Amino acid sequence: MNPAPWYQRWIPTEEKLRQSRWLGWLAPWLGRPSLWVWSRHGVALGVALGVFFGMLVPIAQIPASAIAAVALRANLPAAAASTFVSNPITFAPVYYLAYQLGNVVLGNEPEQRAPAQANADKLQKQLKEEKQLGFWQRLKLMGKPLMVGLVILATAFGLFSYVLISLIWFASRWWREYKAGKGQA
């Protein structure tokens, strides 16, 4: 089964991947037919890998998903294209949700900030202390909850996308068979 023509323009071809400066070194493995077959398992696994690495890895998402697709014999174009689940529009909400989820899982207490009118001195002191922390110190404080949350979200959305693609594939096949059988009757 080949992809629908309306989104074929977003799917990278074997030649484009071979010419990529990031993926060119994978050229010896790019000729494997299993990487280019549009099967239920291959596409579902490719999308799951792309979503997983797209959410988990902030840079070099396509090379990471391509390496995993080659290793697991998933559909390579689906893996590469689905990394775009993480984009400038979704980046901030996903990372915020991951950070909050990581705090909940790690048992970190939510910040209890008093309203500015009720306790202005305490709020100003707290803000002054936060400004004194450098960028790397703030990033270090966010690091563990963010990474825990990202691993959980990436795994959950990767599994969800595998199941969703499999169900859609099954439903579309069933629908085609149903319509074909109805036309014969």
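Which residue takes a positive phi just after α6? In this predicted model, the residue is Gly107, with a phi of about 75°.

Helix α6 covers residues 91–106, 16 residues in total. From its first C-alpha to its last, α6 reaches 22 Å. That span is close to the 22 Å expected at 1.5 Å a residue. Four residues of α6 are buried: Tyr95, Ala98, Gly102 and Asn103. They lie on the same side of α6, because they cover an arc of only 135° around the axis. The face turned away from this buried side carries Tyr96 and Val104, which are exposed.

Asn103 belongs to α6. Its relative accessibility is 13%, so Asn103 counts as buried under the 20% cut-off. Leaving aside residues up to four places away in sequence, Asn103 touches Asn108 and Pro145.

Phe157 is partly exposed, at a relative accessible area of 37%. Together with Phe160, Leu164 and Ile168, Phe157 makes a nonpolar surface patch. The patch has an area of about 390 Å².

Note on methods: Residues are numbered from 1 along each chain as its sequence is written. This is a predicted model: local features need pLDDT of at least 70, side-chain atom pairs count only at pLDDT 80 or more; totals for chains, interfaces and linings use all residues. Side-chain values use heavy atoms; hydrogens and water are left out. Helices (H or I, at least four residues) and strands (E, at least two) are DSSP runs, numbered from the N terminus. The expected span of a helix is 1.5 Å times one less than its number of residues. Buried means under 20% relative accessible area, exposed over 50%, partly exposed in between (1.4 Å probe, protein chains only). The arc is that of the directions from the helix axis to the C-beta atoms. Patches are made of residues with over 30% relative accessible area and no salt bridge: like charges are joined within 9 Å, nonpolar side chains (Val, Leu, Ile, Met, Phe, Trp, Tyr) within 5 Å. Accessible areas come from the Shrake-Rupley method with a 1.4 Å probe; for residues, only the protein chains shown count as cover. A salt bridge is a side-chain nitrogen of Lys or Arg within 4 Å of a carboxyl oxygen of Asp or Glu. Contact means heavy atoms within 4.5 Å.
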